[in-house]
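Here are my notes on the model you sent over.

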Amino acid sequence: MDATFWAFIGLVIFLGILAYVKVPAMLAAALDKRSDQIRNELEQATKLREEAQQLLAEYQRKRKEAEVEAAGLLSAAEKEAALLREEAKVKTEEFVSRRTAMAEQKIRQAEADAINEVRASAVDLAITAAENLLGAKIDSKVSGSLFKSSLEEFKKQLN
């Protein structure tokens, strides 16, 4: 009998001991347990994904609602700013005409100073009114750009 035969006999005995101790059953049980864990983790991941998709949809809906509301507020603020601008223009024109009539009786230097003072106070009044109105209605980024464009337009109308 050679060494190969004894190695074969040792292998058969080893496999017999493994079968007697039920190692294949323990391996199968461990693999089943691991597959159950993986299945549970996949189910939890699926549930989490569905919850995340629901949250995403809800936040997208809220964002759209906020954009619509912001657009409405911006539109209302622009309308109110236009009304205030027209009202300020009418009041300013009346004020300038009265001051001009009084200033004609004085020297040319006093006339130029009075017109500059009227313009400065009208611009300050328009700036303050626009800041108060727009500051309460819209955020700082939009209000800054709206304020700058309104101020430039108002200055062009005065000149």
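1. Start with Arg39, which makes a salt bridge with Asp36, the closest N and O atoms sitting 2.7 Å apart. A salt bridge here is a side-chain nitrogen of Lys or Arg within 4 Å of a carboxyl oxygen of Asp or Glu. Both Arg39 and Asp36 belong to helix 2 (residues 23–103), three residues apart, or about one turn of the helix. Helices (H or I, at least four residues) and strands (E, at least two) are DSSP runs, numbered from the N terminus. Arg39 is partly exposed at a relative accessible area of 44%, and Asp36 is partly exposed too, at 38%. For the cut-offs, buried is under 20% relative accessible area, exposed is over 50%, and partly exposed is in between, with a 1.4 Å probe and protein chains only.

2. On what we're looking at: this is a predicted model, where local features need pLDDT of at least 70, side-chain atom pairs count only at pLDDT 80 or more, and totals for chains, interfaces and linings use all residues. Residues are numbered from 1 along each chain as its sequence is written, and side-chain values use heavy atoms, with hydrogens and water left out.

3. Further along there is Arg61, whose side chain meets that of Glu65 in a salt bridge (3.0 Å, N to O). Arg61 and Glu65 are four residues apart in helix 2, so about one helical turn separates them. Arg61 counts as partly exposed at 42% relative accessibility, and Glu65 does as well, at 44%.

4. Glu67 and Arg63 also pair up, with a salt bridge of 2.8 Å, N to O. These two are four residues apart in helix 2, so they are about one helical turn from each other. Glu67 is partly exposed, with a relative accessible area of 44%, and Arg63 is partly exposed at 44%. The count by this rule comes to six salt bridges. As background, side chains of opposite charge can pair when their charged atoms come close.

5. Now the overall layout. The protein has four helices and zero strands, running α-α-α-α from the N terminus on. Buried residues make up 13% of its 159 residues. Contact means heavy atoms within 4.5 Å. Among contacts between residues at least 6 apart in sequence, 68% join residues at least 24 apart.

6. Which residues make up the largest nonpolar core? It has five: Ala88, Val123, Ile127, Leu151 and Phe154. Helix 3 and helix 4 each supply at least two residues of this core. The term covers a set of buried Ala, Val, Leu, Ile, Met, Phe, Trp, Tyr and Cys residues joined through side-chain atoms within 4.5 Å.

7. Have a look at Thr92, which is in helix 2. Thr92 counts as buried, at 9% relative accessibility. Leaving aside residues up to four places away in sequence, Thr92 touches Ala122, Phe154 and Leu158. Glu86 is in helix 2 as well, but counts as partly exposed at 43% relative accessibility. Glu86 and Phe154 are 68 residues apart in sequence and 9.7 Å apart in space, C-alpha to C-alpha.

8. The largest pocket holds about 250 Å³ of space. Of the 15 residues that line the largest pocket, Leu84, Arg85, Ala88, Ala126 and Ala129 are the closest to its centre. A pocket, on a 1 Å grid over the protein atoms alone, is an open set of points where a 1.4 Å probe fits, with protein on both sides within 12 Å along at least five of seven lines; lining residues have an atom within 4 Å of a point. Points are joined across faces, edges and corners, and the volume is the space filled by probe spheres set on them.

9. Who supplies that lining? Helix 2, helix 3 (108–137) and helix 4 (140–158) each give at least two residues to the lining of the largest pocket, and helix 2 gives the most, with six. By class, the lining has eleven nonpolar, one polar and three charged residues. Ala, Val, Leu, Ile, Met, Phe, Trp, Tyr, Cys and Pro count as nonpolar, Asp, Glu, Lys and Arg as charged, and the others, Gly among them, as polar.

10. Last, Arg85, found in helix 2. Is Arg85 buried or exposed? Arg85 is buried, with a relative accessible area of 18%. Not counting residues up to four places away in sequence, Arg85 touches Ser150, Glu153, Phe154 and Gln157.
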